[in-house]
Amino acid sequence: MAPQFEFLLRIAADVGELMTMGGGPLGERRVVAITGGSFEGPALKGTIVPGGADWQIVRADGVLDIDARYALRTDAGALIRVVSQGYRHGPPEVLAALGRGEDVPPERYFFRTVMRFETGAPDLQWLNRTIAVAGAQRKARQVLLEAWKLL
């Protein structure tokens, strides 16, 4: 069966400075703090709780391996854990422009993640069974994601 999708939400995640931990056996380890932001969709709306992070590895082939973990707080006060893992890659000159904080059209590079959620909120239990696929765009101090629920 071909997968089908339903729009879930848009996320605007505010991010801090990139910190590099240097090269390791798997590549350059980096971490970017997730400092806040907002999200909105047909069934969800709220803010991003400061304190999350995107743990990254720049692989030898130039692919950025992403592992972001953070929390959402709905306007009703429910907390939702998010795990977002994926890849960002593209031509070297495009990645260099992103690294300088330049605004690059998202169609010039690949930036996709798979998202999973966890919550104890009774009215959001459906999120505990949801897998979403997101297209993303990197801004100088923000990551924009548009997530689609896999049906």
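Student: What share of the chain is buried?
Tutor: Buried residues make up 40% of the 151 residues in this predicted model. Buried means under 20% relative accessible area, exposed means over 50%, and partly exposed is in between, with a 1.4 Å probe and protein chains only.

Student: OK, how many helices and strands does the chain have?
Tutor: There is 1 helix and there are 8 strands. Those are DSSP runs numbered from the N terminus: helices are H or I with at least four residues, strands are E with at least two. The order from the N terminus is β-β-β-β-β-α-β-β-β.

Student: And what is the radius of gyration?
Tutor: It is 16 Å, close to the 15 Å from the globule rule for 151 residues, so the chain is as compact as a globular protein of that length. The radius is taken over C-alpha atoms, and the rule is 2.2 Å times the number of residues to the power 0.38. Along the principal axes, the C-alpha atoms fill a box of roughly 45 × 35 × 30 Å.

Student: Switching to the core. Which residues touch the most other members?
Tutor: In the largest nonpolar core, which has 35 residues, those are Ile11, Leu44, Tyr70, Met115 and Phe117. A nonpolar core here is a set of buried Ala, Val, Leu, Ile, Met, Phe, Trp, Tyr and Cys residues joined through side-chain atoms within 4.5 Å. Elements that each supply at least two residues of this core include E1, strand E2 (27-40), helix H1 (92-99) and strand E6 (110-119).

Student: What is Ile11 in contact with?
Tutor: Leaving aside neighbours within four places in sequence, Ile11 is in contact with Ser38, Phe39, Ile48, Tyr70, Met115, Val143, Leu144 and Leu145. Contact means heavy atoms within 4.5 Å.

Student: What about Arg10, where does that sit?
Tutor: Arg10 is in strand E1, and at 48% relative accessibility Arg10 counts as partly exposed. With neighbours up to four places away left aside, the contacts of Arg10 are Ser38, Phe39, Glu40, Leu145 and Glu146.

Student: Now the helix. Which residues of H1 are buried?
Tutor: Val94, Ala97 and Leu98 are buried in H1. Down the helix axis, the buried residues fall within an arc of 100°, so they line one face of H1. That arc is of the directions from the helix axis to the C-beta atoms.

Student: What covers them?
Tutor: The cover for the buried residues of H1 includes E5 and E7. On the face turned away from the buried side, H1 carries the exposed residues Pro92, Glu93 and Gly99. Just after H1, Gly101 takes a positive phi of about 85°.

Student: You mentioned E7. Is Gln137 in there buried or exposed?
Tutor: Gln137, which lies in strand E7, is buried, with a relative accessible area of 16%. Beyond four places in sequence, Gln137 is in contact with residues including Asp103, Tyr109, Phe111 and Gln142. Gln137 and Asp103 are 34 residues apart in sequence and 9.3 Å apart in space, C-alpha to C-alpha.

Student: On to rings. How many aromatic pairs are there?
Tutor: The structure holds 1 aromatic pair. Phe7 and Trp148 form it, edge-to-face, at 5.3 Å centre to centre with 70° between the planes. Rings of Phe, Tyr and Trp (its six-membered ring) pair if their centres lie within 6.5 Å; planes under 30 degrees apart count as stacked, over 60 as edge-to-face, and the rest as tilted.

Student: Where in the chain are those two?
Tutor: Phe7 is in strand E1 (residues 5-24) and Trp148 in strand E8 (residues 142-150), so the pair links distant parts of the chain, 141 residues apart. Trp148 counts as partly exposed, at 34% relative accessibility.

Student: Which arginines lie over a ring face?
Tutor: Arg88 lies over the face of Phe111, at 5.6 Å from the ring centre, and Arg112 lies over the face of Phe110, at 5.1 Å. The criterion is NZ of Lys or CZ of Arg within 6 Å of the ring centre and within 35 degrees of the ring normal.

Methods
Residues numbered from 1 in each chain as written. Predicted model: local features only at pLDDT ≥ 70, side-chain atom pairs only at ≥ 80, totals over all residues. Heavy atoms only, no water.
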